[in-house]
Amino acid sequence: MNVLILNCGSSSVKFQLIATDAGRIERNTDERLARGLVERVGGESIITLEAEGRPPQRSTAPLRDTRAAVELVLRWACAEESGIAEVKSIADVHAVGHRVVHGGEHFTHSVLITDEVLRGIEDCIDLAPLHNPANVKGINAAREVFGKGLPQVAVFDTAFHQTLPDYAYLYALPYQLYRRHRIRRYGFHGTSHRYVAYRYRQLTNTPRDRTNIITLHLGNGCSAAAIRAGNSVDTSMGLTPLEGLVMGTRSGDIDPAIIEFVEAKEGLSALEVEALLNKQSGLLGVSGLTNDMRELLDEARENDDRRARLAIEIFCYRARKYIGSYLAAMNGADALVFAGGIGENSAEIRANICEGLSWLGLELDTGRNAQTTGGREGLITKDASRLKAYVIPTNEELLIARDTVRVIGGAPQHT
Ligand code: ADP
């Protein structure tokens, strides 16, 4: 089966084409055929298309909307020049899998998209006003381009965290706010945490019900998850992705009273303060330089920039605190797992985060840590380390493709 994976943002469409089926999932032999990104949809779009094993093709074209972007991707995939042998016509795309940001409390698993499901996703727009409308547009665009008969599956960022117990997902606010408006912790990056936990089980030959780990997705957005007996029991992002760890441009945890204080002192509206917390804070805000961890590490190393160092230190300190609190919350864990652009590539950040954990028996292996970058996976602690640490590159698209196949085939989804 050739599955088109769509991740539609407000002005972008990210895609992958993956060949997979039940047998390939079993043998771990799924194959990516192509990937790409269309940016600035709605204007002069920047298009990057890359068939596997070929150099990426870059171009620009005016694309009116998401539908035009999906059409362009399909046309390219079918064309001789793309070089994708498996896709010659629209009939060679057998299903579409969508990344949907918010599934609220309703969607605890990936589902086949029906009119009712689409309404359910629309019902969550209140909770994710920036993301879910773009996902709905993506689903409608794919329906228009491929016809309503083609199976489409929604995979939710929040679904994996629906196993959180009530004492972990409820805020200590007046209970009626939860009852009336569903204000609670949902958590995000669920597809990534779930994929990483699955790979951990494979790598270490651990049964699901004995998988007790803390996963750290450290990319531009960052989140941690406490996974006990294979299930997410706590996670750092909350009602929105703003809570928790320090991120590229998001503050993560702050005293909520700061919002009103900044409003008054800086003469900003609540919305403007929210934008400041989401877009001008985190690594960017502290350093005053950039949200890019690689650049910050360079600045700190080459120019000994004080605020770059501080941003890195705050980032690592917060991650360490979360690890400590999750270890307490879940009565210990067997391993930490690093994923995401920073987690997969920066041995320095991993070492910094792990530095304060020696009392727990975490002994980093410097050589292994240094070598496990650039997409490699494996153990980065010494063999004798009581608490282990691993690097496992995440692959959300692969999990979306596999869920699409499973949902269509009626197979269980817990891996
Ligand atoms: P997104 O969350 O947008 O998918 P990524 O997971 O790609 O982002 O992570 C982006 C982050 O990873 C950036 O801060 C980038 O600097 C960082 N990163 C990528 N490679 C390295 C590296 N070699 N060292 C340190 N940070 C890196």
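The second largest pocket is lined by 16 residues, and D292, R294, G341, I342 and N345 are those nearest its centre. A pocket is here an open set of points, on a 1 Å grid over the protein atoms alone, where a 1.4 Å probe fits and protein lies on both sides within 12 Å along at least five of seven lines; lining residues have an atom within 4 Å of a point. The model is a predicted one, in which local features need pLDDT of at least 70 and side-chain atom pairs count only at pLDDT 80 or more, while totals for chains, interfaces and linings use all residues. Residues are numbered from 1 along each chain as its sequence is written, and side-chain values use heavy atoms, with hydrogens and water left out.

The volume of the second largest pocket is about 480 Å³, taken as the space filled by probe spheres set on grid points that are joined across faces, edges and corners. Helix 11 and helix 13 are the elements that give two or more residues to the lining. Helix 11 gives the most, with 5 residues. Helices are DSSP runs (H or I, at least four residues) numbered from the N terminus. By class, the lining has 3 nonpolar, 8 polar and 5 charged residues. Asp, Glu, Lys and Arg count as charged, Ala, Val, Leu, Ile, Met, Phe, Trp, Tyr, Cys and Pro as nonpolar, and the others, Gly among them, as polar.

The ligand sits in the second largest pocket, meaning that more than half of its atoms lie within 2 Å of the grid points. Around the ligand are 13 residues, of which N220, D292, M293, R294 and G341 come nearest; a residue counts if one of its heavy atoms lies within 4 Å. Helix 13 gives the most to this shell, with 4 residues. The shell divides into 3 nonpolar, 8 polar and 2 charged residues.

A backbone N or O atom of G341 lies 2.9 Å from an oxygen atom of the ligand. For R294 the corresponding distance is 3.0 Å.

Note on methods. Polar contact = N/O pair within 3.5 Å; in protein donor to acceptor, adjacent residues only side chain to side chain.
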